Amino acid sequence: MAVYDRNFGIYQGERTPTWSRFLIIPRYAYQEVFQSRLFVAFLGFCFLVPFAGLLVIYLHHNLAALSFINLPLDRLQEALPINAKFFRWGLEFQGFLCYVLALLVGPALISPDLRNNGLPLYLSRPFSRAEYVLGKTAVLAILMSAITWIPGLLLFFFQSYLDGASWMGNNLSIAFAIFFGSWIWIAVLSLLSLAVSAWVKWKPVARISLLILYYVPWGFAKVMNATQDTWWGFLVALWPTMTTVWTRLFGLPLEPGDYNGNPMPLAAAWLALVACCLISLALLSRRIRAYEVVR
Amino acid sequence: MSNTLQPVVELQGLEVKFGGRPILKGLNASLTGRCIGLLGPNGAGKTTLLHTLLGFHPPSAGKARIFGKDIQTEAREIRGLMGYMPENDAFIAGMSGIRFVRLMGELSGLPPEQSLERSHEALFYVGLGEARYRKVDSYSLGMKQMAKLAQALVHGPRLIFLDEPTNGLDPAARERMLKLVRDIRDEGKVNIILSSHLLRDVEECCEEVLVLKDGRVATYCNLEAEREANRKFLQLEVRGGDEAAFAAAVEALGCEMAVDGKQRFKLVLPEGVEIRELYRVAAERQVQIRRLDSKRDSLQDIFLKAMETEVAGHGRV
């Protein structure tokens, strides 16, 4: 029907599969997110470390290149060995960039829909609350995947390709740690950002809230642990909790120096992360409704 | 017109409670009209009923069906058949009209190209063609209402819920909106449920009306049938002669009659009795009929009657 006909017709054509509809939300969100030059520059910066990792791995296996820059192999191997620590450090750095990314993108995800009563429009369609949250989570999860486990695994496979199948066989746990560890952090950050976006309608305030949620408990934890000689404070601090899980996933020992001599037990770290996700989901569940609850 | 034979919405003892407080109390009705008005005073449960049919609130008891599909077990399919225009401002900030309507179309399952094409059509249809690349935030209230209507139409639904569509509109915009609703109705491809507390909106657009009062069905009637039924309801004003004898003679014709003040009568003519019989009886008794009104029930009468005599839980009175 052409626009000049100006009449109304029932649509009887094909429909998109139900399972893929949540992906409409990230597609629309990216059209807005990528309009910001600051964001595009930041995203470019996020690939610097993986690119540097690629160079280091390449140099490890290319004596000609090493001799060209006059760097002996043993010195490089001593300074930057390609092992679990190398990949863990990369994941930690990219993990912090994920947090910055959540700060930039997260607060604008749900609040505009709530501010203008947009939720009934989503939920009056064949589109559930779960799909809405999944779609909004996917906005962050896809971007974070692009800077964490995808480049991490590419580096792993590049190293495996250069070093041979035996290296890959001996270090499969690294690939698992990169993939699994990245997804835990992605889930925690995405859900937390969405929960903040759902409850704080003003973007700058939402960003400040995310900063507070990240740094204030961390500071509190350090003070509490130092004064009480305990590790309990870390239960409310996201970063030390996450790094505890990452360190163990990579099969590395926890260094007491990083935790004021009181490393956090792994089970407690898991518990804290799961609790953070559950609380975020509960907050989202209370807020993501098709109607305003007036009390 | 096969659509009008199948019930659009069936309510069977539908109850909804919020925090233990009953909001909808055992609604029973079978709505079949092309355009059905949902009337009631504020707080009667109109929006709650629409929200329940959309699956926003689970019924605490009873059932409801739309086109024969259960709202609880087939909610997703039902939502695919429906378009919803909410009462309050509802849009997504920062989006142009075309992107907003396109997104809504895609969420309803339209492929992106189809959705874009139909968004252009829908926006032209509601009169926002020239403003479709402007941000919805910058629209006037009337334009936002039209944008809400466009998003309700874009996926070509079979049933549209319009919740107070003329809210906050100036007379010209209100007339445009009602004309659109009538046009959609007259196209005959879609059923409409129009919720409003404005009787004129419903009277101008709807064939049937469901009146809610305090969470119950106060009345459900076909407006045209109701008017037909009251076709022979007359009001008389007479002067001179023997009024009592005139009244007795009129009753002798088989009319139901009531005295409505001095020299005024209300009566209902039975089948087969024509108005000229009244003039004949009056002439025989030397009574002058000064005024004769053939009164038809307006929606206001129906509404006020429903507000006075509430029939609990039953669709027809």
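**Close-up views of the A–B interface and cysteines**

**View 1. Salt bridges link chain A and chain B.** The count between the two chains is 3 salt bridges. The model is predicted. One of the pairs joins A:R27 to B:E106 through their side chains, with N to O at 2.3 Å. Polar contacts also cross the interface of chain A and chain B: 18 residue pairs, both partners at pLDDT 80 or more.

View 2. The largest share comes from α1(A), with 5 residues. By class, this side of chain A has 17 nonpolar, 10 polar and 10 charged residues.

**View 3. Extent of the contact between chain A and chain B.** Chain A contributes 37 residues and chain B contributes 47 residues. The size of an interface is often given as the accessible area lost when the parts come together. Here the two chains bury about 4,000 Å² between them. Carbon and sulfur atoms account for 59% of that area.

View 4. The structure holds 0 disulfides over all chains. A:C98 is in none, and its nearest cysteine sulfur, that of A:C46, lies 7.6 Å away. A:C98 is buried, at a relative accessible area of 0%. B:C255 is also buried, at 6%.

How values were computed
Residues are numbered from 1 along each chain as its sequence is written. Chains are lettered from A and ligands numbered from 1 in the order in which they are written. This is a predicted model: local features need pLDDT of at least 70, side-chain atom pairs count only at pLDDT 80 or more; totals for chains, interfaces and linings use all residues. Side-chain values use heavy atoms; hydrogens and water are left out. A disulfide is a pair of cysteine sulfur atoms within 2.5 Å. Buried means under 20% relative accessible area, exposed over 50%, partly exposed in between (1.4 Å probe, protein chains only). Contact means heavy atoms within 4.5 Å. Buried area is the accessible area (1.4 Å probe) that two parts lose on being put together, summed over both. A salt bridge is a side-chain nitrogen of Lys or Arg within 4 Å of a carboxyl oxygen of Asp or Glu. A polar contact is a pair of N or O atoms within 3.5 Å; within protein, one must be able to donate a hydrogen and the other to accept it, and residues adjacent in sequence count only if both atoms are side-chain atoms. Helices (H or I, at least four residues) and strands (E, at least two) are DSSP runs, numbered from the N terminus. Ala, Val, Leu, Ile, Met, Phe, Trp, Tyr, Cys and Pro count as nonpolar, Asp, Glu, Lys and Arg as charged, and the others, Gly among them, as polar.
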